[in-house]
Structures are given as structure tokens and as C-alpha cells.
Amino acid sequence: MDRYYWGVDLGGTKIECAVMCRETDTCVVRERVPTEGDLGYRHVLDNIRLLIDKCAEKVGEYPSRIGFGTPGTLDPQTGVMKNCNSTHLNGQPLDKDLRIMLDCEVVLANDANCFALAEAELGAVKQQVPDAKVVFGIILGTGVGGGLVVNGQLIGGHHGIGGEWGHNRLACEDAVDCYCGRQGCVETVISGPALERFYRNLAGESLSLKEIAIKAAQGDGYACHTINHLIERFGEAMASVINVIDPDAIVIGGGVGNIDALYQFGPSAIEKYLFNPVFSAKLLKPELGDSAGVFGAARLVK
Ligand SMILES: [Zn+2]
């Protein structure tokens, strides 16, 4: 058995590797290199190899398995990457190419799934709800995504879209077009940009979500209305997921997840739409910060 388990977070601007101690779950080496995606797919692969070699030299052990967090998803049906905002990856058989190049087993998952796995197994859930069996980790930021972890394992699903609640439809009269080609997706209503647009339409001025939250705390009417809108629609969107998976804990990452009112008033908003008289699972703030991506990637192969 290897002494360490390895994860790589493949980001748009940097590629990061973490080598974790199997016994203590602590990170023993962490290194990063630039992605340089504009130089093409092959160049990115070369950068990954350099990074792995550098880390292997530091720990004195070459990995037999590596977990990779990726910006999009490997489609289990077609075997190639899809939905990557780092577009050089789309259409590429990334897992196959990595396996051949690195001569080791690789496991891929998208970054929302890695976030969910890291917070479930090493972060907020591990600390606060240690006996949780079903965990839903969500990213509520510029985009809206999520990952489902059951008994320590990610549920990727038949199409690799397990946990993608951001493109469920919310009932609304003024549904907005989503980049996915549909209308009224959760992402078009409660993502950071969607909330900033909501405020702008009300108040006639552009503010960041952070500024809106500060104004709301000071009692500004339009800002309060925007935050109330977030909480109400979050409750509605979340309840439809909870009715299906009934998680023990929900971790909320991304910029919108920093809004304290979500934790205070979110549970009662969920209750209004839930097929159960009360909502008693935990809504948690993440604890791993920027490390969640790379730790979650490593956790894929522990
Ligand atoms: Zn959509």
C-alpha cells in the first residue's frame, strides 16, 4: 500500500498537486504550475507530468493512482470531456491520455464533486456532523453546481451529471435564458450574477453581491428584498433536491454561500416547500477554503 494518496486540481490558470499522508490525512507536499491552456491540450498534459515528477521527487514515491479535479465532466457514455470552461479540454479523452502519460491509474471528477467530497470527508461535515451518511456539497457562486456524497463515495451517475441541481427549473413568470439552452434554471435565479442583476433591476444601480449584503444588513429596502428573494428561491430549489436525496448535511460553497442570512433563514424557506413538516439537517459553511478542490481530488483515490 502506498504511504500517500495524490490529488491534482486542474484549474483554468493553475494546476495544483497535493500529496496526502494516508494515515493522518495531512498534506505533506503541495505544488503548483501554470496551466497555460492557450498553448493547447498537449502542453497542459506536459505541465501535469512536470508537476507530478516534481512532487514524486519530493516525497520519494511515485503514485500508483491519482485523483483529478477537472473544470468539466468526463462523460461516461462518450469517454471525452464536456462542459469545461477551460475549452481546450472539451472533446478530449483526458483520463485515457493521463493514464498512458503517467503510467498510473487515474480517477476524474468535476470540481463541484471534489469540493463536496473534501468537505464531507475532511472539512465542515467531518468536523460538525461526523456521522453524516448523505452529504450534498453545493457551489453557489458565479455558477451553481453540486456534488452528492453517500457513505464517503461520490455519486457521479449514469451521465456524469449527479448533483447538478443548478439546471433544475424553478417556477417563475420571467424565466431568463440559461447558457445550457434552457430557461429558468436555478443558476439564472440565485447565482451571484443573477442576484446582482435582480438588485440592479430594482435599484437602478450596479453593486456586487457583497455590497448588497452589507446594505441589506443596514436595512436598505432594495438590498433586503434581494436577499429575501435569494432565501426564498434557495428554499424552493433546495427542497426539490432534498425530497429526493434527504441529506444529513448540506455544505454551501461559492460567494453566495458567504451570506449569513442563508444559514439563518434558509431552513425555514426550505420547510415551506419540503415534503416533511420540518427541516432539521445541517446547512454548513465550508471549512477548507481554496484547498477543497485539490484535497477532494486526492480523496477520490483514498
Ligand atoms: Zn441551465
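Predicted model: local features only at pLDDT ≥ 70, side-chain atom pairs only at ≥ 80, totals over all residues.
Residues are numbered from 1 along each chain as its sequence is written, and side-chain values use heavy atoms, with hydrogens and water left out.

Q: Why are H3 and H10 called roughly perpendicular to each other?
A: Helix H3 (residues 111-121) and helix H10 (residues 292-299) pack at about 85°, with their axes 7 Å apart. Angles of 65 to 115 degrees count as roughly perpendicular, under 35 as roughly parallel, over 145 as roughly antiparallel and the rest as oblique. H3 and H10 are therefore roughly perpendicular.

Q: Which residues in H3 meet H10?
A: Cys114, Phe115, Leu117, Ala118, Glu119 and Glu121 in H3 meet Ala292, Gly293, Phe295, Gly296, Ala297 and Arg299 in H10; contact means heavy atoms within 4.5 Å. By class, this contact of H3 with H10 has 7 nonpolar, 2 polar and 3 charged residues. Ala, Val, Leu, Ile, Met, Phe, Trp, Tyr, Cys and Pro count as nonpolar, Asp, Glu, Lys and Arg as charged, and the others, Gly among them, as polar.

Q: What makes H8 and H9 oblique to each other?
A: Helix H8 (residues 221-245) and helix H9 (residues 260-273) pack at an angle of about 55°, and their axes are 7 Å apart. H8 and H9 are therefore oblique.

Q: How do you know that the radius of gyration of the protein chain agrees with that of a compact globule?
A: The radius is taken over C-alpha atoms, and the globule rule is 2.2 Å times the number of residues to the power 0.38. For 302 residues, a compact globule would have a radius of gyration near 19 Å; the protein chain has 20 Å, which agrees. The C-alpha trace spans about 60 × 40 × 35 Å along its principal axes.

Q: Why is aspartate 9 called buried?
A: Buried means under 20% relative accessible area, exposed over 50%, and partly exposed in between (1.4 Å probe, protein chains only). Aspartate 9 has a relative accessible area of 15%, so this residue is buried. Of the 302 residues of the protein chain, 50% count as buried.

Q: What is aspartate 9 in contact with, leaving aside its neighbours within four places in sequence?
A: Aspartate 9 touches Lys14, Ile15, Glu16, Gly69, Gly293 and Val294. Aspartate 9 and glycine 296 are 287 residues apart in sequence and 8.7 Å apart in space, C-alpha to C-alpha.

Methods:
Axes fitted to C-alpha atoms, helices over the stretch in contact; angles between N-to-C directions. Helix = DSSP H or I, 4+ residues; strand = E, 2+ residues; numbered from the N terminus.
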